[in-house]
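Biologist: I'd like to go through this model with you, one question at a time. Could you put it up first?

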Amino acid sequence: MNARIKSLLIKSVVAMAFAGLAVFLIHHLVTPEAGLVHIDWFDKPITFLAPKWFYLAAIAPYFFVVRTLSLTDVSDTQQYISTVFRSVLVAGIAIALARPTWTSSDNKVATVIIVDVSESVSDAQLEQTRAYAKQVKEAKGEQDRVYLITFAERPVLIRDGKSESIARHEGAGAGSNIQAAVQLAYGIYPDGYLPRMVVLSDGNQTHGDLLSESYRAQEMGVPISFKTFDTGQTQEVHIASLRLPDEIKVGAPFEIKAEIWSTHADEVNLRLQQDDFPNALEPRKKVKLREGANWVTFKSQAKAAGHTTYTLRMSGAAYDTEVANNASVMTAPVRGRPRVLYVEGSALSNPSSARYFEKALEHENIDVEVRSPRGLPSSPKELERYDLVFISDVPAQFMGMAQMQALETYVRKIGGGLVMAGGEDSFGSGGYQNTRMEKIMPVSFDGEKQREQPHVAIALVIDRSGSMSGRNLEAAKEAARATAEVLSPSDLITVIAFDQQPMKVVRLQRASNRMRISSDISRLSAGGGTDVRPALREAHELLQTANAKIKHVILLSDGKAPDEGLADLVQDMRASRITVSAVGIGGADKSLLQLVTDHGDGRLYMTDDLAALPRIFMKETTEAQKSALVEDKVKALINKKAAMIEGTGVANAPALRGYVSTKPKPTSEVILISNLGEPLLARWRVGSGTSVAWTSDIKNRWSVDWLRWSGYPKFWAQIVRTSMRRKVFDSYDLSAMVEDGRAQIVVDAIDDDDKFVNELETILEVIDPKTSKAVESITMHQNAAGRYLADFPVRSYGSYLLKAVHKRDGKTVAESMGSVALPYPAEYLKTSINTEVLLQAATISEGHTQVEPPKLFDPGDQKIDYTQDLWPWVLLFIAIGLVLDTYLKRLRILGHKSLPYA
Amino acid sequence: MNLLAPIASGTIATVAAVLAGLLVLAYILKMRRRRFEVPFSTLWQRVLKEKEATSLWRHLKRLLSLLLLVTMVGLLLFAALEPELGGAREDARSIVIIVDASASMKTIDEGEDGSESRMAAARKQVLLLLDGMSADDAIMLMRMDGRATPLSRFHGDLAKHRKTLSTIEASDTPANLTASLSAAADALRWRKKPQIILVGDGAYPEDALASATWESVADAPASPPASEPEPGASAFKNKQLASVDLAGIDVRYQPVGSAASNVGIISFNVRRYISNKLNYEVFIEIQNFSDEPATRRLVLFNGDSEIDVKEIQLAPGQRITKIYPDLGGGAESVLRARIESLESESSDAFALDDEAWALMPENKRQKVLLVSTDNLYMEGALLIFDHLDVDKLTPEEYEVSLAANELQDYDAVIYHLYAPENVLPAPAHLLYFKPSGPHSPFPVTGSLDRGRITQVSQTHPITRWLEMGDVNFDKLDTFAVDTSAAEVSLFQSIRSSVAAAKKEGRRKVAAFGFGLEGTDVMLRVAFPLMMVNTLDWFAGADSDLITTYTTGRPARVPLDGTYGISEVLVTTPSGAHQKAPLREGYATFFAAEVGVHKLVARQGDEDVAEIQLAANLSNASESDIQPSAELSLGGKKLDRPVPGSATPRQSLWIYLCLMVLLLLLVEWYTFNRRITV
């Protein structure tokens, strides 16, 4: 290599290296973002998408180096100009390769036709859709483009774009997701085309949200137009929902509500199946439907604890299109058998007396534990495991303060149910006046009226003859005092002592004046003969005017007396509703006393034991009080309609043979009354529980005819169920809904004081009722005070049981039960055209409603900005430049030079 | 081969003809001979002799020169037509690159000094992926945040993809992986060699990762059974409803992110008590997502005032809750919680979840006017609620006061056994007990003796928690309720409405077909509940409503008194304005930003309703910023992406340009050295 060429090569390499470095520095100094170079060309920015090609400009020095070897004879000036021009051409190629682009605009239109091929679209509508798509293709301009997407559950791009290719999606038609189709369309529009979209659909969505998407479409400049086809509109009847109560208990009747939706008036047959069998109470119904929503109610009853699944099927509609939506399924949790503690006063003395009631409740799926009064728990904790406590004919003397207090706490605080049934030893006649039991019962045993109007008026007619002096008289005084003690304060008492003549020792007065009465009795002294008749007449006169329901005379005597006119007197007394009992001590004339009691409808006591005298008086007084018992045939009359007795047929029940007379408290609900207008069945709320008074009995004394009545078990089961404790644990509201294929569960934990319950460890079990197994177990997450959330995808159609167990420190503190169902694809719920969503989407995105094909390609005054490649134009200019370059080389424009001859 | 012809081919042909003519013309022109300086005349002989000897060669040199120039011009013009090679090769792939732009991509833990965001790192990763693409690969870029957004159609123009990529920024929303995979699968349907490349940090919820299925889900019957439907147990049940069908799609994962620590607020809410609506309870949940213990300062603000500061210590992975019960007062309805790093602690790599907002549902004191003769039950029920200021007037006093225009500013009026002709103007809400006469808000159609309520609306706020089945009424008036005018029947006796509610513009009206005599309703729990429900409904105070939402999930927000209005204006925390749809009094609201949003419904020039909503990230999956180097989808571990096979680009213009460049170099040398002339 000669020295000249060597020098040239070195020059070339150095020059190119410098040029390359310069380009490199420029590139990195002006590059704001990796890989891209922006320059402002007047007011139009130009972006170079591949600026690394600028390095090619480093070749330019090559031309200058080669020029030094040139054998051409054009002038040096022209050679320089030519070299620069050639370098510019090379730089031009580098620029072209660096992909210059700018933003340009055009008004060509690309329209995506989005076709609903879901099951809710009829075949006729689909055919119209095809014809419409064909018209759209025919209406497009030469430069416009048309694309076709069909959608059901998911969207699909039709590759050949032919309207004939519009077809249903095999196996995936049971859903409509317009939003997904719109999103797919975004990825189809070519650059430089005004994007347009037309949705051919009935507007019903099962997934996604077209409305939200329409705002994004507006942001992206894609107007969503729509067209619906209402010919061939289907007539449809479907089951929209099946609703069960939040809480179902074994054996407790409840109502199931079905929402049937119809486009027209029709008549259908409904069959309700409970688990694998027809619903026992109402297996089928024929109902006339009107247009719109119709509610149909079925009565049902759960037979076993756990859960129960109801399937409602509909058939026989004159006009119906879709059969898949003619059935619905719903599962609900069923709480176990209620537990009742039945305390029977005569359980020990006559065990068979408790069996009637026990059997009746067992027959109605209620667990009954029978105990004698001694077995009544004395702590609320022990009572807590029962849903209801039933007290029957237990005298107050067998129930201690602790037990009464426990019962009150059980009802008031724990929410338990308490029923007191009548009998000889219940209510007032059981000695419960002014006790806690009376306080919590809905009836008063010694009511306000009774306080104003004495219930019992007792006249003690005491022999004070000489023979009574000493211990006999003292025993008689003691007995008289005891009588006054036993009586209720409002009752009346008078004490008449007699020898030949009567003497009022205690005037007729209220028993509440006990001190005074006792003092008056103390003044009683012995002396004189014995004549019963004047004394009884005195008692008759006194009691006749007394304002009392029960009037009774107790005659005490130890001797003999004339009986003339005595029978007539006592009969008169009886006619005045005054009864007479007699107590004979020592050598008393039994036949005389017998005569008195026989006519006086009373009892005769003969005793030598003076110590027994007070007890006899007390018993006699109590017996008299027991006359508060109404022992007559009474019919149970409905005073108030209530769910408690609904459907029991109590209006047709046989007569009862008696009850305890009580008075309703002002705020109680008296549901059944006797012919006399007195309460038979009454209830009220006590704190969080319910107490019920049944003033007749439940045994074979007053209810003997009821025991044979077929409605007896149901009547009592219903009273128990409507009165028993609602929940074992606290139960918080659980709501569930299915939206967009996901079940969303919310539990609001709020306690009785309206405080939020926080920091619970809550697990939600999703139970498949078919297998009773949990298919999902999800931790519910607290996201606000008292609020716990969970959501899970519904993995298959059907009904699910939801059970949320709330724990604190590992101990369950509450439970929430619920259910959720997605019985069939939501697609089959929606069979009529819903233009509302489409209309709103069109309005938001500035599309057209019910658009005709030509309108879809009308750009109006719109233009679309797009990134335009400038390199083809650069190449065009280089080609032109190359021709100029040729002339620059070939024509001696600026003179010539002479070449040395070598 | 196809010509994409960005410049019309006719234009190119015309230009080609003109340029060819000019080139030929350049060579037709008679060129004067070159001048040589020779030392003495005998050499002229040699020059002339040489000329004769090279005459043919000289002709050839000119022809060659012309040919070269025509070739170059031809190549340039041909390149300008953008020729492309024919159909793609069999192994060409269709690839959707899902670029994770969710909130966790805002984590600052990338780069050599850890000062770069994961988003920037993801963009770099995608650039590398694009560089490795085969020339035949058709690529779609898809952005994944709370929604899936295709950013391009399928094409192989990598430069344009790079430009698109540069616009992707991380958002405040969690990743919706299911939607993105579904959208990608939709776009890839029917395409050859479908592939999804997920570029992200793997902060995705477990159920989304489990939702993918690799076997086709379209195996259910084509149509539902034609005869007896079998719900639940039907053929529909075979379908995997929640699955994303990725059958036949090659899904790959390119991780970004390095280990970083984060302590974040994952729940923040405030809720008013149901009975004492003036007080509220705040709930905050915070989690330490790192492997190291952390200490933070938790500050609670009401408006701009600090109301509590706590120092909290968290063990690795520990989640704690803080509850502030019985808070009251506070001038602002906006609460804000912030966790701050202590000076001794390293800063948090993910700042988005360090702050959260909550808004108390509006619960202003209500001024209630009771128009009734003495009614202790009613007055007693209203006295229970602390937030009510109750005035009482008899109907006669009411008429006088109304005529004297003395009745102003009442939020609600209760008319008992009275339906006056003149009522307080809107927005005073009206509650009637046993209205009658021509001014009853609902026409009275009849009366039921000893009627019972057989159906209670399951959905209306007034009837929430109400049990009316056992309530006794001597008489119940029935109303004509026009459901087509959005009137709602609250209670029904058999099929007759005995209570109803409606909205009249900004005013709400409720009416019960019974008074408080001849019934035991006032002795039931239902009565005060019915009253508070009604007054809450009037005030738009829904005790279930929690006005704090999460970003990236559409939410239905009740907006009171908006009947007939179809959209709301949303002002985002950054001050941007958007619109959102409003239907049946509910706005569908999608929060893309963390912070306090304002929704305003306007009718004409009047603001009819307004609500403020807070949006927080509140997403433990997103806050758990520990990157996943591996990812399993539907039980299958995802492989890393591989480069495509090296193939020439389909687009030929670049090669044509390079050929022209080469020819220019050669031609310049040959021309100057007189090989061509």
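This is a predicted model: local features need pLDDT of at least 70, side-chain atom pairs count only at pLDDT 80 or more; totals for chains, interfaces and linings use all residues.

Modeller: Residues are numbered from 1 along each chain as its sequence is written, chains are lettered from A and ligands numbered from 1 in the order in which they are written, and side-chain values use heavy atoms, with hydrogens and water left out.

Biologist: Okay, the overall make-up of chain A: how many helices and strands does it have?

Modeller: Both kinds of element are DSSP runs numbered from the N terminus, with helices being H or I of at least four residues and strands E of at least two. Buried residues make up 57% of the 902 residues in chain A, where buried means under 20% relative accessible area, exposed over 50% and partly exposed in between (1.4 Å probe, protein chains only). As for the elements, chain A has 21 helices and 46 strands.

Biologist: And what share of the contacts in chain A with a separation of 6 or more comes from residues 24 or more positions apart?

Modeller: Contact here means heavy atoms within 4.5 Å. Counting contacts in chain A with a separation of 6 or more, the share from residues 24 or more positions apart is 74%.

Biologist: On to the two chains together. What area is buried between chain A and chain B?

Modeller: The size of an interface is often given as the accessible area lost when the parts come together; here that is taken with a 1.4 Å probe and summed over both parts. In this model 129 residues of chain A are in contact with 123 residues of chain B. Carbon and sulfur atoms give 59% of the buried area, which is about 11,600 Å².

Biologist: Which helix gives the most to the side of chain A that touches chain B?

Modeller: Between the chains there are 31 residue pairs in polar contact, both at pLDDT 80 or more; that term means N or O atoms within 3.5 Å, where within protein one must be able to donate a hydrogen and the other to accept it, and residues adjacent in sequence count only if both atoms are side-chain atoms. The top contributor on the chain A side gives 14 residues, and that is helix α21 (residues 871–890).

Biologist: How many salt bridges are there between chain A and chain B?

Modeller: A salt bridge is a side-chain nitrogen of Lys or Arg within 4 Å of a carboxyl oxygen of Asp or Glu. The whole structure has 59 of them over all chains. Between chain A and chain B the count is 9.

Biologist: Take the one between Arg154(A) and Asp186(B): which of the two residues counts as buried?

Modeller: Their side chains meet at 2.4 Å, N to O, and the pair runs from the loop between β5 and β6 of chain A to helix α6 of chain B. Arg154(A) has 26% relative accessibility, so it counts as partly exposed. At 3%, the buried one is Asp186(B).

Biologist: Which residue forms a salt bridge with Arg271(B)?

Modeller: Arg271(B) sits in strand β13 of chain B and its partner in strand β38 of chain A, so the pair joins two chains. Both residues are buried. The closest N and O atoms are 2.9 Å apart, and the partner is Asp748(A).

Biologist: And within chain B, how many residues apart are Arg93(B) and Asp137(B)?

Modeller: These two form a salt bridge with the closest N and O atoms 2.7 Å apart, and both are buried. Each lies in a loop, and the pair links distant parts of the chain, with a separation of 44 residues.

Biologist: Back in chain A, which side chain is in polar contact with that of Ser674(A)?

Modeller: Ser674(A) lies in the loop between β33 and β34. With a relative accessible area of 1%, Ser674(A) is buried. The polar contact is 2.9 Å, and the partner is Tyr659(A).

Biologist: Last one: Asp809(A) has a positive phi although it is not a glycine, so is it buried or exposed?

Modeller: Its phi is about 50°, and Asp809(A) is found in the loop between β43 and β44 of chain A. With a relative accessible area of 69%, Asp809(A) is exposed.

Note on methods: Buried area is the accessible area (1.4 Å probe) that two parts lose on being put together, summed over both.
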